[in-house]
Amino acid sequence: MVICTTILAAGITGCTDEEKPVEPAFSFRKPVNFPEPVYTFENNPLTKDGFELGRRLFYDPILSSDGTISCSSCHQPVRAFSDPAHVFSIGVENRMGNRNAPPIFNLAFQKFFFWDGGVNHLDFVPINPIENELEMNSSLSSVLERLNQDDYYSGQFRKVFGKDTVDSRQMLHAMSQFLLMLVSDNSSYDKYIRNEGYLLSASEARGLNLFGQKCAHCHATDLFSDGSFRNNGLDPAFSNDPGRSRITESGADLGKFKVPSLRNIALTEPYMHDGRFASLQEVLDHYSDGVQYSPTLDPFLNQEGTLGIPLSEQEKQDIIAFLLTLTDESFIGNSQFYDPF
Amino acid sequence: MAALLLSIVLPSCDNEENQPSGSGTVTVKFDNRVGDTNLNLDTEDYPYSNDLGQEFKVSMLRYYISNVKLKRTDGTYYEDEVSDDGSKGYYLVDEANPESTELNLKNVPAGDYDELSFVIGVDASRVTEGVQTGALYPANDMFWSWNAGYIFVRFEGFSPVPTETNNGVIYHIGGYKSDPSNPGLVDNIRERKIAITEGLSVKKDANPMIHLKMDLLEFFKDPNAIDFSSNASRHSPAACTDIVENYVKAFTFDHIHE
């Protein structure tokens with residue numbers, strides 16, 4: 001909430017072109033119930049103008065080879081920046097990707113990005129979709145060429161970073177500034193846990209309790225992920241997508257994927273790296289009855305010879321009721337994060 | 001930590017102009033060769049052969065050099081300045097860009113030196129500190145987007161031998177991650193130490209050049225014979241460990257220009 005207010009206040013002054021106003025304080029604020037951020041803020045000081053530049057880039061198809069795809073094509077704010085329409089998102093020339101587009105929020109707290117964690121610093125995240133031939137199919141150098149030929153961008157970048165040509169460092173720093181401010185910390189759960197006036201219903205309260213016993217082992221902290229990579233028993237083998245082992249080149253990581261946050265989970269279906277589950281019910285049915293053995297299966301899902309997590313139907317309903325309290329309406333409704341075009 | 005600070009502070013002290021003996025610029029020339037002949041890019045035919053007798057030609061050869069040091073005869077070091085944003089101390093040698101094959105080490109204190117050392121590659125801090133500048137711009141096409149990190153050495157060429165790759169021989173070599181709990185992660189960062197057998201004498205306002213030879217044939221020779229007929233397109237740290245073991249020796253001292 002603090003963050004939204006800061007941006008709003010800053011937004012009012014940002015529109016004046018004639019006289020440059022004194023720039024109001026524009027800073028990243030850590031929600032009190034979150035762990036410390038890991039982003040290297042000292043190398044990329046946030047400014048209102050930098051944020052706005054990053055926002056524009058996020059919504060601009062100039063990043064793609066044929067000018068048809070922007071980040072927002074697959075990451076829409078009303079769905080907590082996930083893809084509302086596709087199991088596998090669609091890139092240039094209707095090419096289909098091979099993993100489900102994850103939502104975007106609370107990136108300042110993440111050490112690893114993408115389902116396989118191949119990128120270990122936020123600044124480098126946009127390069128991946130820009131250069132992936134199934135997504136934007138472009139290259140950083142050609143994006144920079146286009147930005148430098150564009151009057152708006154060349155002028156704005158000069159204003160924000162004080163250099164005559166847009167380079168990859170400025171461009172990626174601007175994008176990080178926008179992405180960093182996408183903090184989701186104002187769900188009903190947050191208002192409950194911070195004593196801000198939300199009371200859990202009986203079912204939600206039972207769900208929270210069950211969640212602590214059966215889910216928080218991996219979906220830990222108020223980020224609702226421990227940031228680790230785990231094999232959650234989707235398949236007996238992983239020839240289609242080796243997951244984390246593609247990055248580590250270690251058989252011990254076969255079939256492991258990043259534990260996703262469960263914030264805004266009601267908005268981000270379908271679920272899993274391949275979007276195989278359409279509903280939260282299907283996800284919980286997987287954990288209770290569908291877990292399949294393979295050598296790298298997470299030990300938590302294979303205890304005393306029993307695969308999965310025992311869950312009754314009532315328990316599933318209660319957990320789902322709790323998960324719905326993780327939806328952050330003020331985050332998805334924050335027009336400061338919307339399309340500026 | 002104290003040692004680290006010292007090592008950073010020392011060379012910058014040397015850079016002070018009030019050094020009584022003064023300082024000069026030392027140029028390090030990387031002369032890319034193939035055995036006894038000069039490396040030529042994009043030739044019509046296949047002028048070169050590896051140790052297995054497989055012919056090849058070269059379309060691209062680029063590599064990162066960093067953390068350059070000169071050892072004095074008294075055992076102390078001059079260290080090339082490395083800046084926080086990567087703009088200083090990292091060099092991208094590109095055979096297609098002759099200027100890039102000469103590194104200028106500035107403010108080298110006068111004195112006698114007998115060893116040059118450098119890292120082939122880019123250390124982890126340049127990734128974990130976020131996007132960098134200078135030679136480390138990610139837009140230089142020496143960066144893995146899907147497995148974030150620099151490509152240390154990028155070799156691309158053709159040979160009649162491989163068929164699966166339309167005759168392409170492509171080795172993108174990187175890998176800086178290490179984690180004791182994960183033996184699968186490959187750290188391909190290598191330091192090369194090269195004795196300056198003639199000795200290097202740096203004097204005030206002089207600009208001597210250390211002429212190094214970089215023999216591409218060494219990439220494919222010893223101790224691991226590299227066979228172009230299979231696995232000819234390599235794009236991951238573990239896939240290239242054999243070439244890395246070979247190429248450290250490719251860099252050798254040739255002579256000094258005063």
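Guide: Contact, as the word is used here, means heavy atoms within 4.5 Å. This is a predicted model, in which local features need pLDDT of at least 70 and side-chain atom pairs count only at pLDDT 80 or more, while totals for chains, interfaces and linings use all residues. Residues are numbered from 1 along each chain as its sequence is written, chains are lettered from A and ligands numbered from 1 in the order in which they are written, and side-chain values use heavy atoms, with hydrogens and water left out.

Visitor: Is A:His173 buried or exposed?

Guide: A:His173 is found in helix H7 (residues 168-180) of chain A, helices being DSSP runs of H or I with at least four residues and strands runs of E with at least two, numbered from the N terminus. Not counting residues up to four places away in sequence, A:His173 touches A:Tyr39, A:Asn43, A:Asn44, A:Asp123, A:Phe161 and, from the other chain, B:Val131. Because its relative accessibility is 4%, A:His173 counts as buried.

Visitor: How much area do chain B and chain A bury between them?

Guide: Contacts join 27 residues of chain B to 26 residues of chain A. B:Val131, B:Ser145 and B:Trp146 supply 29% of the area that chain B buries against chain A, more than any other three residues. Buried area is the accessible area (1.4 Å probe) that two parts lose on being put together, summed over both, and for these chains, with 52% of it on carbon and sulfur atoms, the value is about 2200 Å².

Visitor: At what angle do H9 and H12 of chain A pack?

Guide: Helix H9 (residues 202-214) and helix H12 (residues 313-324), both of chain A, have their axes 7 Å apart; axes are lines fitted to C-alpha atoms over the stretch in contact, and angles run from 0 to 180 degrees between N-to-C directions. The two helices are therefore roughly perpendicular, a label for angles of 65 to 115 degrees. The angle itself is about 100°.

Key. Parallel < 35°, antiparallel > 145°, perpendicular 65-115°, else oblique. Buried < 20%, exposed > 50% of the residue type's maximum accessible area, 1.4 Å probe, protein only.
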